[in-house]
Structure formats: structure tokens, C-alpha cells
Amino acid sequence: MKNLLLKTDANMKARKVILFTRRFPYFKTEAFLEAEINILAEAFDEVVIFPSEISEEVRPIPANVKVEKEFSKHFQNKKKRILQTIFSSFFWDTLWKYKSKINSADSFKHIFQFSSSVIAYKTYFKNYEFSESDLLYTYWFTEATKAFIDLKKTKKFKLVSRAHRYDIYEGLPSTPAFWPFRKDVLEKIDKLYSISENGKNYMETKYKVYNKIKVSKLGVFDKGKTAPQNVENEISFVSVSRIDPMKRVQLIADSIVNFAKLNPEKKITWIHFGDGKERENIKNSIPILSNLKAQLNGAIQNTQIYKYYEENPVSIFINLSSSEGIPVSIMEAQSFGIPVIATDVGGSGEIVQNETGKLLSANPSVSDVNLAINQILSENLSRQEIKKFWNLNFNAQTNYENFVNDLKSEVFLDEK
């Protein structure tokens, strides 16, 4: 396999990736790291993960991946962090620097939380022994990245980060109004990897830093299957997301209910995978219709979603979010050849194109969604072509091999 060539040889220094996550490999979040961690582990001698929160639930990781739990205890000590922040010059300096942006309790809270997290990372890692050949990799372009930019003044290591959605776009209902020190961090980081062209263009346009950001898309592995197609007069929809206002699951429900009412002769199924406070309310909002079966499942492992795609017909995958990076859930559906309807937000236009589905406006109506459903059903998109598009653009094996190759060639350079 190509990625075996990435291993260091005997004449090169041992190389270690130190990865900073929110929760991975604990809980069910950051599921996209499940694919990436395997290729990182093959490419480097050792991977050390510092999650900021841990639990009893641990996902499988490769043998050369080590998880350090002590930092999470430090990070989760909220009382100590509050005191450290109040008496820290970093917090007061940040508050003064961004005083013009403080126009609400939320903006003050954001600066306090940002400062508190930066201080927590800097306090814990200021005495940590880093090697020049270590690569520090913050999975989110947020507080940890700023902390290690500051620590780079006295320590020698390489620093990269990924940028997704929440940590890119500013001023949306679901994102902070601003990120402190963003231009400074962009100028000093070794490399930032945006998961979409849209995210890269957004940051370059806003901050005028053009030589530090590269696009490195996420991906999912090929399960070697294509989802079965429905029989005549049966239509099935699937959606996958947490349930919160940004994901607009209620709009999905309203659209499918409307479609069922307009097509009483068709047997319609809608399955949603993902949990949230509004799940019961959405479930109760769905009227009893003889031709509609709706099932809102809670959060489940990705492997169960894959199993569903393998065993059940899926006509269309729907994502109507008001904000996105590039949804991994769409990559998963496309890897099984499933057509997609999605809103034109973030990088969704990079994955939903004419040959893979229908891209709606950022704020579609129920009738817009219904029109897209009818168009997909009438066009009978080729599942083989959808899977081919996925393979060329969002295959985890290819994308993560390219990513780790780039880490070695552009960040570490050739040390032979």
C-alpha cells in the first residue's frame, strides 16, 4: 500500500505527532478522526493524544497511539481556571485589546472562556519537554492553537492545525462573533489545513494571510457497498446530524411530511440518526399519515449507520443545515452511492454537485425541498457515478495519505 512508504527509515529521527482534541478517542464526537488516526499512526513512529475531556467510553486506536489523560483533569478544573483567568494579565490584555468588540454579555463571556482555555494549555505545557522533531497538531483552530503559538517563543516544535466550520466562520448564529488573535496566529503557525476551499478563501479574504493555509479535505473509507434502491412507489430518506437549530431537522421533517401529503400513493420512510433536546418535539410535530413512517433515532456509532446503508434502500440523503464545513455525513452517504440534497452553505457546494444531487439555497422553503426531491427521483442519478465522485474527492485513504505526506514534505522538510 502507498501509505507504507510514509514510514521513516532508520537514518531519520524518530518522529512524533502530538494531537490535541476535544474528546477523541472518548465519547462519540469527532468521529471523523476515527479514519484519520489510522493513517497518522502508520505514517509516524508515535502519536500522543491529549484530549481536553475524557470518559469511560473509549474507541479503538492503533497500538502506537498513546492517550494522556492528566491534561483533561487540569483542563476540567473549572474553579481553578476561573481564578487563574481573573488574576492573569493575558485575560486583561485580551479584554483591553478587544474592548471595541464587547457589546454584550456573550462577547465578554467569549473572551473570558477563550482566555481561560489558552491559559490552561499554556500553564500545563510550559514545562513539557518537546523535541524539535515533534509535530504539534491541534485538531481545532481555536484556543489550543493560540496557546502553542505563544509557547513557540521559547520552545522548538512544529505546529499545524485543522480548521472546520465553527473555528473558521465568524458572526453566524452558531459561531462566535470573532476569534481573538486570528491574524497573528495565522502568520505564525507553520501550516493551517482547511477542510474546504470555502473556508480557505474566507480566512484569506478576511485576514490577508495567503501563504499559510492549504486545503486538506476529510474523508471516509470505502465499505465496498452500494445502498440498495427502492422498489417502485417506495421512497426512503435518511438524515444524520445532532438535533439543534443550526441543523434544521424540523425543516427536514416539515418537507418530508409535505411530500408525503402530496404523494399519497407512495410509501415513504424517513430515518434520522442523531440526538438533541428537540428530538421529542420534532417527533410529536409529525402527523399520523397512512403512507409515512418516520423514525428519529438517537446518537449511534457510525458503524451502525454504515450497516443501515448496506441493508436498506435509501432514495435520498438530506442535509438542510444553516452552516457547515463539509459534512462527513454527506461523504458517508455518497460512499454508498446515495444522492444528496443539501443547502449551499460553507463547503457543501464542493460535495453536492449536479452529478451527486441537488444544492439548494442557504435558506430553502418546504416547496424548494420538494422540488429537489422530485428532480432527483425523475433524473434517477447513477449511484456508480455518485460513488465515483466520492472516490475522487472524499476517499479517506487518499485524502489522509496526501495529508500526512504534506506534513512530512512541507512541515518537516527533508532531514536526511
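Which residues do ring pairs link into a cluster? Select Phe-20, Phe-50, Phe-71, Phe-75, Tyr-121, Tyr-124, Phe-125, Tyr-128, Phe-130, Phe-148 and Phe-157: ring pairs join them into a cluster. Rings of Phe, Tyr and Trp (its six-membered ring) pair if their centres lie within 6.5 Å; planes under 30 degrees apart count as stacked, over 60 as edge-to-face and the rest as tilted.

Before moving on, some ground rules. This is a predicted model, in which local features need pLDDT of at least 70 and side-chain atom pairs count only at pLDDT 80 or more, while totals for chains, interfaces and linings use all residues. Residues are numbered from 1 along each chain as its sequence is written, and side-chain values use heavy atoms, with hydrogens and water left out.

**Stop 1: rings around Phe-181**

The structure holds 42 aromatic pairs. Select Tyr-98 and Phe-181. Their ring centres are 5.6 Å apart and their planes stand at 85 degrees, so this pair is edge-to-face. The pair links distant parts of the chain, 83 residues apart: Tyr-98 is in the loop between helix H4 (89–97) and H5, and Phe-181 is in the loop between S5 and H7. Helices (H or I, at least four residues) and strands (E, at least two) are DSSP runs, numbered from the N terminus. Both Tyr-98 and Phe-181 are buried. Buried means under 20% relative accessible area, exposed over 50%, and partly exposed in between (1.4 Å probe, protein chains only).

Phe-114 lies in helix H5 and Phe-181 in the loop between S5 and H7, so the pair ties together parts that are 67 residues apart in sequence. Phe-114 counts as buried because its relative accessibility is 2%. Phe-181 is at 13% and also counts as buried.

Now show Lys-146. Its charged end sits over the ring of Phe-181, 4.2 Å from the ring centre. The test is NZ of Lys or CZ of Arg within 6 Å of the ring centre and within 35 degrees of the ring normal. For another charge over a ring, select Arg-23: it lies over the face of Phe-27, at 3.9 Å from the ring centre.

**Stop 2: Val-118**

Stay with helix H5 (residues 105–125), where Val-118 is found. Is Val-118 buried or exposed? Val-118 is buried, with a relative accessible area of 0%. Show its contacts (heavy atoms within 4.5 Å). Not counting residues up to four places away in sequence, Val-118 touches Phe-90, Glu-143, Lys-146 and Ala-147. For scale, draw a C-alpha to C-alpha distance to Glu-46: 25 Å in space, 72 residues apart in sequence.

**Stop 3**

Switch to cartoon and select strand S5 (residues 158–163). Five of the six residues of S5 are buried, so the strand is largely enclosed by the rest of the structure. Strand S4 (residues 134–138) runs parallel to S5, joined by four bridges. Two strands pair if DSSP finds at least two bridges between them. Leu-135 has Lys-158 in S5 as its bridge partner.

On to S6 (residues 191–194). Lys-191 and Tyr-193 point one way, Leu-192 and Ser-194 the other, and all are buried. S5 and S6 pair in the parallel sense over four bridges. Ala-163 has Ser-194 as its bridge partner, and Arg-162 stands opposite Tyr-193. S6 also pairs with strand S7 (residues 213–215), in the parallel sense over three bridges. There, Leu-192 stands opposite Ile-213.

Now trace the connecting helices. Each of these is a right-handed β-α-β unit:
- S4, helix H6 (residues 143–151) and S5.
- S5, helix H7 (residues 182–188) and S6.
- S6, helix H8 (residues 197–207) and S7.

A crossover is right-handed if, with the strands pointing away from the viewer, the path from the first strand over the helix to the second runs clockwise.

**Stop 4: strand S8**

Select strand S8 (residues 234–240). Six of its seven residues are buried, so S8 is largely enclosed by the rest of the structure. Seven bridges join S8 to strand S9 (residues 267–273), and the two run parallel. Ile-235 stands opposite Ile-268 in S9. The chain crosses from S8 to S9 through helix H9 (residues 249–262), in a right-handed β-α-β crossover. S8 also pairs with strand S11 (residues 316–319), in the parallel sense over two bridges. Here Val-238 stands opposite Phe-317.

**Last stop: helix H1**

Select helix H1 (residues 33–43). H1 is mostly covered, with eight of its 11 residues buried. Colour the buried ones: Leu-33, Ala-35, Glu-36, Ile-37, Ile-39, Leu-40, Ala-41 and Ala-43.
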